[in-house]
Amino acid sequence: MNTSFQTEAQIRQTQDELLRKQIQYLAEKSPYYKRIFNAHNIDPASITSAADLKKIPFTSKEDLNQFYPELLCIEEQAIADTVVTSGTLGEPIPFHLSENDLARLAHNEYLSLSVAGVTAVDKVQLSATMDKLFMAGIAYYMGLRKIGAAVIRVGPGAPELQWSTIKRFSPTVFIGVPSFIIKLLDYADAHGIDVKSTSVKRIICIGESIRNEDFSLNNLGKRIVERWPVSLHSTYASTEMSTAFTECEAGKGGHQLHELIITECIDDDGNAVQEGESGELVITTLGVESMPLLRFKTGDLCRIYSDPCSCGRHTKRVGPILGRKKQMIKFKGTTLYPPALSEILNEISCIKSYYTEVYHNELGLDMIRVHVACKEENEENDKIIKDHFKAKIRVTPEVVYEKLEYVDKIRNSLNFRKPVDFMDNRN
């Protein structure tokens, strides 16, 4: 049942009921949380509402790494599927799913993609991998099947195949990574494809942000809609939470699926931030059978909004991800996060491709080196790029000019699920 339009009181009641069930389940099945409850003298029966979660200590990514076997709540033979985290901040962590978890994952994307306006009459071209232990690809597929939409599983990459498939099967929705969509548009320009006459009317953007803090389209989002008249929807998710936050037509943050997850937003001391203030996103999964998490610190910095949305939903919304806490850069007295660097570079028209690396100098200070491949070799490029950084963040990184083939090779060399434009090489 789709409960997206419940009242705030109904949402709280639903979450509290599901949380009590999850806590009881963990108290019986989870070796890790049993130990945590005992070590902190926590009576699981005393956790009766989301407000009581503050009695429970946070679960960190380090905890996942160190105590991974203890977090599994089902027997080995009950594992139906295995995925791994992205590994962008360390070694990928395996997550197992039971049959019920797979059903929950399908329901998650059924709700999430429905929020974005996908319906049973749509044909959806899926430009995401369903292999390589990737949770999202299989989630999109199962969710679309539950909606009743037709799915065209092209997978990632291959611009020529993407366009020939669009021409042949006329999808109305495209799911893909925004930076790859730019490559699709470049390919279309180079081969005389009129994108405005194609069947695609809606794009679900995965893996990268398309919005600024104020919900306006960032440079990546602008570059798409300026060339392709489509409706853009951002979605944010992670393997650990097994849940997605997806934008409705209002584009004012990803709606929380309240029957699947509880969210908190905390400061550096672990206290809740005020409404609209930025903080670290903390999640508690609901209805997960294999590896449920309580108060898991995602490391992602964002704002949470609870004011009414024009779409009529009363659920909380997660704003654009501002950065990852562990990727904070202190450069020449300025605090930066990788998305700010990408936003600047995406705005500079002479740049064809790029990646940024951060490293420590001999004094242990953060340094930034930007590797760029320009569309044309031009003496003015260096001034344009450095002046742009000065204007936007008042500091100028080192800029190294490379061939396009080299930059793209490096961006794809780490074997992640999408090209990498930021590399943290600090000690």
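A pocket is an open set of points on a 1 Å grid over the protein atoms alone, where a 1.4 Å probe fits, with protein on both sides within 12 Å along at least five of seven lines; lining residues have an atom within 4 Å of a point. Grid points are joined across faces, edges and corners, and a volume is the space filled by probe spheres set on the points. This is a predicted model, in which local features need pLDDT of at least 70 and side-chain atom pairs pLDDT 80 or more, while totals for chains, interfaces and linings use all residues. Residues are numbered from 1 along each chain, and side-chain values use heavy atoms, without hydrogens or water.

Q: What volume does the second largest pocket have?
A: The volume follows the probe-sphere convention stated above. For the second largest pocket it is about 750 Å³.

Q: Which residues lining the second largest pocket are the closest to its centre?
A: The lining comprises 31 residues. Both α1 (8-29) and β10 (261-266) supply at least two of the lining residues; helices (H or I, at least four residues) and strands (E, at least two) are DSSP runs, numbered from the N terminus. Closest to the centre are Ala 50, Ile 262, Thr 263, Glu 264 and Lys 316.

Q: How is the pair of Tyr 32 and Tyr 33 classed?
A: Rings of Phe, Tyr and Trp (its six-membered ring) pair if their centres lie within 6.5 Å; planes under 30 degrees apart count as stacked, over 60 as edge-to-face and the rest as tilted. Six aromatic pairs are counted by this rule. The ring centres of Tyr 32 and Tyr 33 are 4.9 Å apart and the planes are at 80°, so the pair is edge-to-face.

Q: Which helices hold Tyr 32 and Phe 67?
A: The rings of Tyr 32 and Phe 67 have centres 5.7 Å apart and planes at 35°, so this pair is tilted. The pair links distant parts of the chain, 35 residues apart. Tyr 32 lies in helix α2 (residues 31-39) and Phe 67 in helix α3 (residues 61-71).
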